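Biologist: I would like to go through this model with you. Could we begin with the strands?

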Amino acid sequence: MQGVDIRHLRYFLRVAEELHFGRAAEVLGVSQAPLSQQIRQLEERLGVRLFDRTTRTVRLTPAGKVMCEKAQATLAALEETIRETRSAGGHNAGRLDIGAVSVAIHTCLPAAFADFCGRNPSVQVDMQLHTTEEQLVLLKERKIDVAFVRPPRSLAGIACEELYREGFVAVLPAASPLAAKENLTLADLRDERFITFSPIIGVSYQDVMLDHCRRAGFRPNIVQQVSHTLTVVTLAAAGLGVGVVPAWVTYEPVDGVVYRPVAELPKAVSLVVAWSIETMNPFVTDFVACTRRAARAALQAA
């Protein structure tokens, strides 16, 4: 296809899957204007319209449906070509480097690994635990292929999909009188000393907690700001205050603290899988598909 490159195909297929330019742009990590420009450029080079657009709907044209089928086949063939070329060059096994935040270990990763390794038994898979910010740097530097992160603020060049969403729990020193209550409201924490996240870390769900505190009629007395959920737990165990953190922390019990659900807070903490939209690792697509299936199965079992 003269004048058509891999980016055109990836962008087109994402819009074809979402049938919504805004959602496609969000997943691809670009703004909507450049995405629309790429699609218009693709249509001009092909000389046909691929989408029928109205203010409310986006639909594939007959030509777009053909393009969708052929583009999927083209990208699959390219990935197979890369796989066979690597094999001919002595890279029979292949390799996939994964980055993750801790919650991924307790949710979909084990099942995703089982599925992927069963399908690709010769591929070497490695995993490193890093913060979201660290993983995004590693992803851009191509030091990891797939990242399991909190939704990033900047998505330039990165595609991502939400896998999992969780709520919150209160973290209390075991000696706290509130530990005797099975369920807490934010109002119960009104007079407590709060350990919270640093402003640059976890800002979205931190804002959810602070907003609901305001709705409950108080402003938290913040005495410590830290960079990791387990640091909140450790300081609470030391008796320095209480925290409100993502519920995954209950998978990692720590002496000296108790966890109590805070039902009034929404499930606002997301886990997403992210990868470079220009990756040439032929195993990324399959691993993401395995992850998607694992997350869907976990939700159905919940």
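Biologist: What is the order of the strands in the open sheet of three strands?

Modeller: The order is β10-β7-β11, with antiparallel pairing. This is a predicted model, in which local features need pLDDT of at least 70, side-chain atom pairs count only at pLDDT 80 or more, and totals for chains, interfaces and linings use all residues. Residues are numbered from 1 along each chain as its sequence is written, and side-chain values use heavy atoms, with hydrogens and water left out. Strands are DSSP runs of E of at least two residues, numbered from the N terminus, and two of them pair if DSSP finds at least two bridges between them.

Biologist: How many bridges join β7 to β11?

Modeller: Five bridges join these antiparallel strands, and Leu172 has Val258 in β11 as its bridge partner. With β10, strand β7 (residues 168-173) pairs in the antiparallel sense over four bridges; there, Ala170 is partnered by Val244.

Biologist: Why is β11 described as largely enclosed by the rest of the structure?

Modeller: Because four of the five residues of β11 are buried, meaning under 20% relative accessible area with a 1.4 Å probe, protein chains only; exposed means over 50%, and partly exposed lies in between.

Biologist: How far apart in space are Asp191 and Leu96?

Modeller: They are 49 Å apart, C-alpha to C-alpha, and 95 residues apart in sequence.
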